[in-house]
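Visitor: I'd like to learn how to read a model like this one, feature by feature. Could you walk me through it?

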Amino acid sequence: SMNLGIQIMQKEPSGGFSFSHDRNANTTVADRYTVTSKLRRFFALSLTTALREFRNAPNIASVQNDIVKAVRQFFDAQVRAGRAVSYVVDANSNNTLATVAQGYFILAIDVLTPAPMERIVLLLKAAPTVTVETPTT
């Protein structure tokens, strides 16, 4: 229902009600936050499209290096855009002579995404005698 824009009220332990959101509506740990699951899907779809030209290419070192270079350039751009914090591309751990002979080239990619903004805290002073202070950094 949330995908259709319908909000469902959740009964809170305190007796009150709140709207459903990522944290209380999804029990799958990897998909708990919309921002994380959307980024994961964006990365996968973008890379699939970008690497399509390499499909059925010779499974040789120079082509494999071009794929690794393209993936690194893509994730460098994602870090600059703020969609990723950091990443690691591992082209060595999962590739053996047997997997290459079977036509596989396996890249293990670990991406650290930004944390979701789950809570926004406002500290507000409002009264006739409040002194306005400049925040220190």
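**The aromatic cluster**

Guide: Let's start with the rings: F42, F43, F74, F75 and Y87 are linked into a cluster by ring pairs. Before going on, keep in mind that this is a predicted model, where local features need pLDDT of at least 70, side-chain atom pairs count only at pLDDT 80 or more, and totals for chains, interfaces and linings use all residues. Residues are numbered from 1 along each chain as its sequence is written, and side-chain values use heavy atoms, with hydrogens and water left out.

Visitor: How many aromatic pairs does the structure hold?

Guide: A pair of aromatic rings is described by the distance of the centres and the angle of the planes. Here, rings of Phe, Tyr and Trp (its six-membered ring) pair if their centres lie within 6.5 Å; planes under 30 degrees apart count as stacked, over 60 as edge-to-face and the rest as tilted. The structure holds 6 such pairs. One of them joins F42 and F74, which are tilted, with 6.3 Å centre to centre and 40 degrees between the planes. This pair links distant parts of the chain, 32 residues apart: F42 sits in helix α2 (residues 34–50) and F74 in helix α3 (residues 61–81).

Visitor: Which pattern does the protein follow along the sequence?

Guide: Helices (H or I, at least four residues) and strands (E, at least two) are DSSP runs, numbered from the N terminus. The protein has 4 helices and 4 strands, and they follow the pattern β-β-α-α-α-β-α-β.

Visitor: What does T99 touch?

Guide: A contact means heavy atoms within 4.5 Å. T99, in helix α4 (residues 97–101), is buried, with a relative accessible area of 15%. Leaving aside residues up to four places away in sequence, T99 touches N94, Y104 and I106. V100 is also found in α4, but counts as partly exposed at 26%. V100 and N59 are 41 residues apart in sequence, yet 6.9 Å apart in space, C-alpha to C-alpha.

Visitor: What is the phi of N56?

Guide: Most residues other than glycine have a negative phi, and most peptide bonds are trans. N56 has a positive phi of about 70 degrees although it is not a glycine. N56 lies in the loop between α2 and α3 and is exposed, at 78% relative accessible area.

**The largest pocket**

Visitor: Which residues lie nearest the centre of the largest pocket?

Guide: Rolling a probe the size of a water molecule over the atoms shows where empty space is left. On a 1 Å grid over the protein atoms alone, a pocket is an open set of points where a 1.4 Å probe fits, with protein on both sides within 12 Å along at least five of seven lines; lining residues have an atom within 4 Å of a point. The largest pocket is lined by 20 residues, and L51, F54, R55, I67 and F105 lie nearest its centre. α3 gives the most to this lining, with 4 residues.

Notes
Buried < 20%, exposed > 50% of the residue type's maximum accessible area, 1.4 Å probe, protein only.
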